[in-house]
Structures are given as structure tokens and as C-alpha cells.
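Some notes on the model follow, as numbered points. Please read them alongside the coordinates.

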Amino acid sequence: MAAHPIDYLLIGNNFGTPEMRDIWSEQNRLASQVAVEVALAEAEGALGIIPAFAAEEITAHANARALDIESIQQQASQMKHSLMPTIAALQAQCGAAGEYIHYGVTTQDIVDTATVLQLKQSFEVVVRDTRQVARILASLARRHQYTPMVGRTHGMQALPTTFGFKVAVWLDEFLRHLTRLSEIQDRVLVGNINGAVGTYAAFGPQGPAVEGDVLARLGLGTPLIGWQSARDRFSEYASVAALISGTLGKIGNELYNLMRTEIDEVQEPFSAGKIGSTTMPHKRNPAALEGLASLTAPLLKSVALIHESMKVEHERDAMSWRAEWIALPEINIYLSAQLQNAIGILQGLQVNTEQMRRNLDHQHGLIMSEKVMFEIGHRIGKQTAYRVVYDCAMTAFEQKRPFQQVLQAHPALRDVINRDTLASWLDPLKHVGEAPRKVDEVLNHAATLGIQEEPSDA
């Protein structure tokens with residue numbers, strides 16, 4: 001029976017995807033460890049370290065699918081060891097050749113390299129889905145490049161912007177995430193086959209050749225020197241995962257706020273029969289957005305845990321090591337859910353452009369105080385203009401009067417501006433600065449990285 005929300009049948013998909021859970025399942029962990037043992041035997045057979053017949057028999061008969069996990073678990077309870085029962089089971093599968101299973105390596109060689117195999121599978125999924133999010137963001141930024149909306153600072157109306165500009169900021173982050181993933185791939189996806197303390201002592205002078213051959217067969221990089229006591233590779237990957245998750249959480253939180261009834265600028269996808277509340281039938285809650293934002297916190301805690309594994313006693317120990325067994329699956333599973341959730345939300349996001357325009361007018365022109373100040377400043381000086389416009393803005397706010405009316409009544413401005421000129425200054429569509437041009441620049445940069453906008457009907 002499942003004991004963690006990741007594996008719950010009812011809510012498990014809120015915390016991870018079936019695809020990523022399969023990658024980090026116990027079955028795939030075992031299969032990855034067996035794959036390493038087989039590659040080891042093949043390499044050792046090719047180099048003459050073990051008999052060729054043994055390598056052939058191990059390759060032919062070592063079969064993770066045929067192993068009985070429950071039987072292995074029972075032996076583990078007796079042996080008090082995480083890998084030895086698996087080795088014994090493989091030996092039984094391979095007959096006389098089983099004597100050469102696990103030849104010259106230590107447990108951590110197999111477990112670490114198998115973990116990197118799982119991480120390689122995860123890496124491919126994360127890159128795929130991160131690119132998909134970037135493509136959707138590019139399409140959304142283009143579609144709303146000129147869609148005006150309120151820009152908010154400290155939670156309050158600040159200046160006009162465009163929704164496309166907001167989305168392009170998110171896209172720019174994702175382009176950096178993709179660059180980071182590309183940069184770390186060769187550093188992170190590196191195996192480790194070098195014996196008890198990393199010196200190849202049990203292999204003899206052919207040790208480095210064995211390691212290189214094994215890891216080439218597995219499609220992994222070869223380390224310059226053993227990394228059993230150097231856990232920075234997993235921490236580096238976790239750090240990049242944290243950055244991706246942080247951006248996803250921020251997007252979820254931002255859209256959650258824009259979906260508030262009183263703001264009403266976006267709506268997450270809604271399907272017939274979707275329930276918002278068990279007691280309030282009218283509710284359309286931001287459930288998907290809450291799910292997207294909620295997973296950043298537990299992922300960051302798992303990242304903190306994996307950073308703890310960098311503290312290693314002497315050449316290696318199991319105290320720090322075991323933290324990775326917990327944290328790496330959680331990081332990848334949580335991130336997979338966030339990425340898939342974001343894809344669904346962004347593809348079906350409803351943007352209420354009419355409400356965005358109404359919200360620009362909510363304060364009756366006050367959002368244009370900066371524009372008015374700079375225009376008046378050309379006539380009476382910027383600092384003087386600030387004081388005058390500030391007085392007018394506070395009066396308009398407190399007395400709930402239109403900003404234009406208060407400005408026109410101010411004695412310092414009566415002979416400086418006329419009604420039509422002032423009205424043009426108070427048009428929020430004329431004060432979005434270079435927002436549309438910056439959207440173009442981000443989209444052009446995305447194209448150089450191979451991120452193409454999705455079709456407009458996507």
C-alpha cells in the first residue's frame with residue numbers, strides 16, 4: 001500500500017507523472033543496477049579480466065525482470081545490505097558464470113552509476129518538457145505582445161505594461177534554464193566504476209580502461225577521478241531543477257493572483273464537471289495553479305537535503321549517500337508534475353483582455369502619474385512637477401475624483417496644459433514604453449536556441 005502522496009492512486013498525479021514515477025520506481029532502480037553489472041561483465045570480458053564465456057553467460061542470463069524483488073527483500077533483511085542480495089540473485093541466474101558478477105567493484109560503483117542512468121532518463125524528460133513550456137510561452141508572448149494590462153509593484157497598480165511582456169520575462173527565464181541544462185549535462189551524467197576507495201586497486205593497471213569501457217556501453221561520461229566522496233554533480237543538477245521549479249512556482253502564483261475574482265484577468269482551463277467546492281456550487285477555484293505553485297516548496301526542501309549529501313566522511317559513507325536516495329526521486333517527480341501542469345495551464349489559459357483594459361482605468365487615470373509628471377517636467381522642471389503631480393494624485397485618491405479633473409484645477413498647471421493634451425497623456429496605451437520591442441528581442445533569441453512558437457491555434 002502506498003505511504004507517500006507521490007504514489008497515491010487518488011492524488012498521486014498532483015505530485016508527479018506516471019512517466020517520472022516509473023523512472024524512479026524500485027523496479028527501474030533494480031533494472032539500472034543490473035544494466036551496470038552486465039556492462040561491467042561485458043567490458044571485463046572484452047579486456048580479458050574475466051573469462052569470455054562468463055561475460056557471455058552474464059549478458060545472456062542476467063535479467064532484472066526475472067528477479068523476485070520480494071525474495072531479494074527477505075535476504076536484505078537478513079544480510080542488512082542494500083545490494084548483496086541482488087548480486088546473489090544474479091549469481092543464481094548466471095550459474096557458474098555468476099562467480100564473476102560484480103568483479104572488482106564496490107557497491108557504490110553500481111548504485112551510483114545506476115542512479116546516473118535513472119537521472120539520464122529524467123534529464124531527457126525535463127529537457128523535453130522545459131522546451132515545451134518555452135514554446136508555449138513564446139506563442140503566448142507573441143499573441144499578447146500588444147495586449148495592455150496593469151503592471152503592479154508591491155501588489156499595487158504601478159504603470160501600464162503588456163501581458164506579452166510579462167510572459168516574455170518568464171520565457172527569458174526558461175531560455176536560461178535550457179542553457180543551464182545544456183551546460184551541466186556532460187558534467188552531471190557521469191558514472192563511477194573504480195573500486196572501494198576509487199583507486200582501481202582490484203582491477204590492476206586496466207582499471208581505468210574497464211571504467212571507460214563500462215561507461216561508454218552505458219552512454220555515460222567517464223570521470224577524471226572517482227567521485228564517491230564528491231557529490232557536487234547531483235547537487236548541481238538539483239540546483240538547476242530548483243531554478244526551473246522556482247520559475248514555475250512564480251508563474252503559478254502570479255496567474256493565481258491574476259485569476260482572483262476582483263482582478264479577473266486570466267482563468268485557468270476549465271472543463272465540464274470540474275468541481276471547485278463541495279459546499280459552494282458556484283466556485284471555479286484555481287486548483288491547477290495552486291498545484292503548480294505548491295510543489296516548489298517541497299522541491300526546494302529536497303534540494304536542501306541533497307546539498308547536505310556533499311558532506312562525506314573520508315572516502316565515502318552511507319549517512320550522506322542515503323539522503324540522495326530520498327531527494328533525487330522527489331526532485332524529479334515533483335518537477336515532472338510542475339512541468340506537465342504548466343503545459344496544460346498555459347496551453348488552455350484564458351486571457352480576459354477586456355478586463356485587463358478595465359483594470360487600467362480602475363483608478364481613473366492615476367496609473368499615468370509618471371507620464372504626466374515627465375511631460376509637465378519639460379515645462380516646469382522635473383522635481384517641481386513631481387511635487388505638483390503628487391499633490392494632485394493624493395487629492396484624487398482621497399477624494400475619489402478623476403485624476404484629470406484634479407490636475408486641470410491645480411493653479412500651477414492651468415496655464416501649462418490644455419484639456420486635450422492632458423487627455424492624451426492619460427491614455428495608458430501610450431505609456432507601455434518599449435515593451436513590444438523587448439518581446440520581439442526575447443522571441444528572436446528563443447528562435448536562435450531552436451525554440452519555435454507554437455501555431456496560433458495550439
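1. Does Q75 count as buried, exposed or partly exposed? Q75 counts as partly exposed, because its relative accessibility is 27%. The classes are buried under 20% relative accessible area, exposed over 50% and partly exposed in between, with a 1.4 Å probe and protein chains only.

2. This is a predicted model: local features need pLDDT of at least 70, side-chain atom pairs count only at pLDDT 80 or more, and totals for chains, interfaces and linings use all residues. Residues are numbered from 1 along each chain as its sequence is written, and side-chain values use heavy atoms, without hydrogens and water.

3. Q75 sits in helix 4, residues 69-79. Helices (H or I, at least four residues) and strands (E, at least two) are DSSP runs, numbered from the N terminus. Contact means heavy atoms within 4.5 Å. From Q75 to A89, 14 residues along the chain, the C-alpha separation is 9.7 Å.

4. The largest nonpolar core has 107 residues. Such a core is a set of buried Ala, Val, Leu, Ile, Met, Phe, Trp, Tyr and Cys residues joined through side-chain atoms within 4.5 Å. F163, L171, F174, I244 and L255 touch the most other members. Helix 6 (residues 107-143) gives the largest share, 15 residues. A second, separate core of 22 residues includes W425 and C392.

5. Beyond residues up to four places away in sequence, F174 touches several residues, among them T130, L137, I244 and L339.

6. Strand 1 (residues 148-153) pairs antiparallel with strand 2 (residues 156-162) over six bridges. Pairing requires at least two DSSP bridges between the strands. R152 has Q157 as its bridge partner in strand 2. Two residues lie between the strands of this hairpin, where H154 takes a positive phi near 55 degrees.
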